[in-house]
Amino acid sequence: MAFPSWFSRFRSSYKCFYHSFFRGAQTAAIANTSTSRNGGRRFLSRSAFVIPCALASGSVAFQFGFQSNPSLCDASDAHDRDIEHQLIMIRISGSRNLSFGGKGSTEYVVKGSPKDVSQAFINELGRICQDNMTLDYEERYFHGKPQNSFHAAVNIPDVVVFPRSEEEVSKIVKLCDQYKVPIVPYGGATSIEGHTLAPNGGLCIDMSLMNKVKALHVEDMDVVVEPGIGWMELNEYLEPYGLFFPLDPGPGATIGGMCATRCSGSLAVRYGTMRDNVINLKAVLANGEVVKTASRARKSAAGYDLTRLMIGSEGTLGVITEITLRLQKLPKYSVVAMCNFPSIKDAADVAIATMLSGIQVSRMELLDEVQVKAINNANGKNLPETPTLMFEFIGTEAYSREQTKIVQKIVSEHNGSDFVFAEEPEAKKELWKIRKEALWACFALVPHFEAMITDVCVPLSHLAELISSSKQELDASPLVCTVIAHAGDGNFHTVILFDPNQEEQRKEAERLNHLMVYKALSMEGTCTGEHGVGTGKMKYLEKELGMEALRTMKRIKAALDPNNIMNPGKLIPSHVCF
């Protein structure tokens, strides 16, 4: 099945499930809709916004006010304790000592301060967007909830627009700045930290219609694209030219969203992250001005690095409208290998030893025994249910085989077994399919559960210690937890499955998440290696970066977005002030 068709069906299936889950709460809201002058769509009056609060389950929610004065802040410092004390408290008392509503909050339903959107604004917006906008309740509701995230917001966007050009984006943003209407940029909606939530209502700017390849420079090995194109579609376009874009996050991710979250994927160990693969970009700033961050030269020392400033800004500084990407040649030859270990520490030790050997693997992925069991159950396989390490080696045929033999020797020296490798295309595809379908296998393991996915990353020398100590905590938990790691760059994910209707399970998932984050921070690591901050990771930033770094970020935000319209309530914690 073609990918666009599959993703469309997935989106529709998710939408049906999500709406049926909340159908009782929506009934009253939809009953208050009226017919618009534009295309006969159903519209919802502001007074009829009824968003289900069942997810809150008696909890206290985040409070993110929409502030025109970015220096306002919450002076709370209750979370100012050292990392070791945090680890002890989390371990001995479960989730009871985690505070709510501020730094260290366990809540995931985000409240905001919605601003009424005037009819004058809607009228002017209609003149800009024509038919490429909607006030339809279901469409707004769908855009208000990320597809792969347990995070939710009490409010949803007031209007969704689908611009077709940079000029349209500029006009839309300028209008929003004039009326001080919040803007939430929207790509593939595959992010998992609440990046596309609309806690303050406002305007959702869906970039899916801006999905063209604008220019391909084969000899320069770069391509200029619009933000709405997906990385998978881009690689289909590039394949006949013998080129590819080497980042591979989740299916459905778009280039604009990948820039906004500074994503990476399994190939980052060889090719780097998004910041290493973007040559320049164009973005519409909060006042409607369009800025191009750099030339098309492969390297430049001209001025501030505005490209890297925008990459990872999560829509808080501007809307990305064009990206120039660095490309790679498709490998001439590759070998995919897999092996098993008696413990997850042995597997992590091999990952470290492989990197220290100087071998340039293109992928090195680690799966724990619970993850392998999930894959067996979902796909009818009979793989040994032990910690497993997967490799990909690329280059010439001789070089790839030589690398494989060297790693096989390293594996044998670290209690590894069952080392198998494949060179035929179909055999390689079948082996790598095991990793590609890991997340979906997790969901199949415990149907109807949500997943809290951790994203810690540490210096490589600490990987084995962090994974093995975290694994002990995960195994002792009553929840089903799997481990998937990009072992070559010290980044690992834990998929913690919990029943969203059971508050104690959600708190236990959050306790495990906190525990792993604070362990990673104690090892000079990060709370997020590739998923970004959104609303879910803000509570860890002060501990990781320090208040001065956060104040510097907020000064940049205030300078570029003085009315705080660009994705407010994301990335920078509300208690940060200057």
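The legends below accompany several close-up views of one predicted protein model.

**Conventions.** Residues are numbered from 1 along each chain as its sequence is written, and side-chain values use heavy atoms, with hydrogens and water left out. Since the model is predicted, local features need pLDDT of at least 70 and side-chain atom pairs count only at pLDDT 80 or more, whereas totals for chains, interfaces and linings use all residues.

View 1. The protein has 20 helices and 23 strands, where helices (H or I, at least four residues) and strands (E, at least two) are DSSP runs numbered from the N terminus. Of the 578 residues, 57% count as buried, a word that stands for under 20% relative accessible area, with exposed meaning over 50% and partly exposed in between (1.4 Å probe, protein chains only). Among contacts with a separation of 6 or more, residues 24 or more positions apart account for 75%. The protein exposes about 23,300 Å², of which carbon and sulfur atoms supply 52%; the areas come from the Shrake-Rupley method with a 1.4 Å probe, and for residues only the protein chains shown count as cover.

**View 2. An open sheet of 7 strands with antiparallel pairing.** The strands follow the order E20-E17-E19-E18-E22-E23-E21, and two strands are said to pair if DSSP finds at least two bridges between them. At the edges are strand E20 (417-422) and strand E21 (450-453), each of which pairs on one side only. From one strand to the next the twist averages 15°, where axes are lines fitted to C-alpha atoms, for helices over the stretch in contact, and angles run from 0 to 180 degrees between N-to-C directions. Strand E22 (residues 480-486) and strand E23 (residues 491-498) are joined in the antiparallel sense over 7 bridges, and isoleucine 484 has histidine 493 in E23 as its bridge partner.

**View 3. Strand E19 and the strands that pair with it.** Because 7 of its 8 residues are buried, E19 is largely enclosed by the rest of the structure. Strand E17 (residues 333-340) pairs with E19 in the antiparallel sense over 8 bridges, and here valine 335 stands opposite phenylalanine 393 in E19. E18 runs antiparallel to E19 and is joined to it by 5 bridges, with methionine 364 opposite phenylalanine 391 in E19.

View 4. Not counting residues up to four places away in sequence, glutamine 403 touches Ile359, Gln360, Val361, Phe393 and Ile394.

**View 5. Strand E15, its pairing, and alanine 283.** Strand E15 (residues 318-326) is mostly covered, as 9 of its 9 residues are buried. Strand E11 (residues 222-225) runs antiparallel to E15 and is joined to it by 4 bridges, and valine 225 has isoleucine 323 in E15 as its bridge partner. Strand E13 (residues 278-285) also runs antiparallel to E15, joined by 7 bridges, with leucine 285 partnered by glycine 318 in E15. Within strand E13 lies alanine 283, which is buried, with a relative accessible area of 0%. Its contacts, not counting residues up to four places away in sequence, are Glu289, Val290, Val291, Met310, Val319, Ile320 and Thr321. Alanine 283 and serine 170 are 113 residues apart in sequence and 9.1 Å apart in space, C-alpha to C-alpha.

**View 6. Cysteines and the count of disulfides.** Taking a disulfide as a pair of cysteine sulfur atoms within 2.5 Å, the count comes to 0 disulfides. Cysteine 129 is in no disulfide, and the nearest cysteine sulfur, that of cysteine 176, is 8.9 Å away. Cysteine 129 counts as buried at 1% relative accessibility, and cysteine 527 counts as buried at 0%.

Terms used:
Contact = heavy atoms within 4.5 Å.
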